[in-house]
Amino acid sequence: MEKLMRSNIFASAVLSGVQSTVTEATEKFREWMEKGTKIPPNLREAVYSAGIKYGGVKEWQFCWNKYNTSRIPSEKKLLLRILGVSSDPWILQRYLLATLDRDRIRPQDIKIVMASVSSNPEGQLLAWRHLKAHWKDLQTLFGNGTFTMGSLISSVTSHFSTQYDYDEVFDFFHHIDVGSGSRSLDQSLETILLNIHWVQKNEEPLYSWLNGKVRYRSSLSVVSSCMKQRSSSLQGFRS
């Protein structure tokens with residue numbers, strides 16, 4: 001349990017841009033890519049994420065190749081999720097398009113790809129546009145009798161939090177028969193409304209609290225700097 005918590009904290013620190021953690025993780029990724037140095041299982045998510053998020057096409061392609069050659073289901077699933085954390089919209093768009101090719105992404109893995117990209121701030125809008133543009137193709141692939149289409153709706157829209165988002169989702173599906181996905185659609189719209197309410201209620205207090213913390217730390221830094229200067233001055237005077 002402790003190892004799992006440390007792994008999750010490490011991965012969160014990487015995605016949040018904590019510099020010391022990012023530096024350590026990207027170095028481990030580079031050693032893995034260039035020297036084949038093995039990465040401990042509990043650190044793989046964080047290290048892979050660092051390589052993809054802060055790397056470029058070369059790092060992404062390296063992990064994509066690893067996905068295609070790996071025979072370990074858990075590793076393949078992890079890589080599918082990690083490939084969606086890229087900061088490059090072009091790479092994310094390319095990744096989404098791969099879901100339309102069965103030889104590249106298996107139908108049962110499409111949800112993993114779209115959920116990963118949509119949870120990425122850089123890919124949220126791309127995933128929604130992809131779902132709209134290729135709805136008919138996906139509907140033909142999965143059919144209206146399965147719950148897959150509903151799960152795609154939920155995974156792509158679960159992070160929406162504005163009235164504009166709600167209206168766009170509602171308007172797009174208003175005249176579309178989503179079949180077994182109707183319950184998921186209703187739940188998705190409800191989730192967006194809850195997100196809107198949460199933001200309206202908490203955005204300003206959170207901003208004020210964080211801003212106060214930043215100002216407090218800045219003040220401490222200024223005081224500390226002044227005390228150091230004063231101490232240096234006194235030492236110089238005494239000597």
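Is the crossing of H2 and H4 left-handed or right-handed? The crossing of these two helices is left-handed in this predicted model.

**View 1. Helix H2 packs against helix H4.** H2 covers residues 19–35 and H4 covers residues 57–69. Their axes lie 12 Å apart, and the packing angle is about 60°. That angle makes H2 oblique to H4. On the H2 side, the contact is made by Phe-29, Trp-32 and Met-33. On the H4 side, Lys-58, Glu-59, Phe-62, Cys-63 and Lys-66 take part. Sorted by class, the residues of this contact are five nonpolar and three charged, with no polar residue.

**View 2. Helix H3 is mostly covered.** H3 runs over residues 44–53, and eight of its ten residues are buried. The buried residues of H3 are Ala-46, Val-47, Tyr-48, Ser-49, Ala-50, Gly-51, Ile-52 and Lys-53.

**View 3. Helix H8 packs against helix H10.** H8 is formed by residues 124–133 and H10 by residues 148–157. The two helices pack at an angle of about 155°, with 9 Å between their axes. H8 is therefore roughly antiparallel to H10. The crossing of H8 and H10 is left-handed.

**View 4. Residues of H8 meet residues of H10.** From H8, the residues in the contact are Ala-127, Trp-128 and Leu-131. They meet Leu-152, Ile-153, Val-156 and Thr-157 of H10. The contact of H8 with H10 has six nonpolar residues, one polar residue and no charged residue.

Note on methods: Residues are numbered from 1 along each chain as its sequence is written. This is a predicted model: local features need pLDDT of at least 70, side-chain atom pairs count only at pLDDT 80 or more; totals for chains, interfaces and linings use all residues. Side-chain values use heavy atoms; hydrogens and water are left out. Axes are lines fitted to C-alpha atoms, for helices over the stretch in contact, and angles run from 0 to 180 degrees between N-to-C directions. Helices (H or I, at least four residues) and strands (E, at least two) are DSSP runs, numbered from the N terminus. Angles under 35 degrees count as roughly parallel, over 145 as roughly antiparallel, 65 to 115 as roughly perpendicular and the rest as oblique. A crossing is left-handed if the near helix is turned anticlockwise from the far one by less than a right angle, and right-handed if clockwise. Contact means heavy atoms within 4.5 Å. Ala, Val, Leu, Ile, Met, Phe, Trp, Tyr, Cys and Pro count as nonpolar, Asp, Glu, Lys and Arg as charged, and the others, Gly among them, as polar. Buried means under 20% relative accessible area, exposed over 50%, partly exposed in between (1.4 Å probe, protein chains only).
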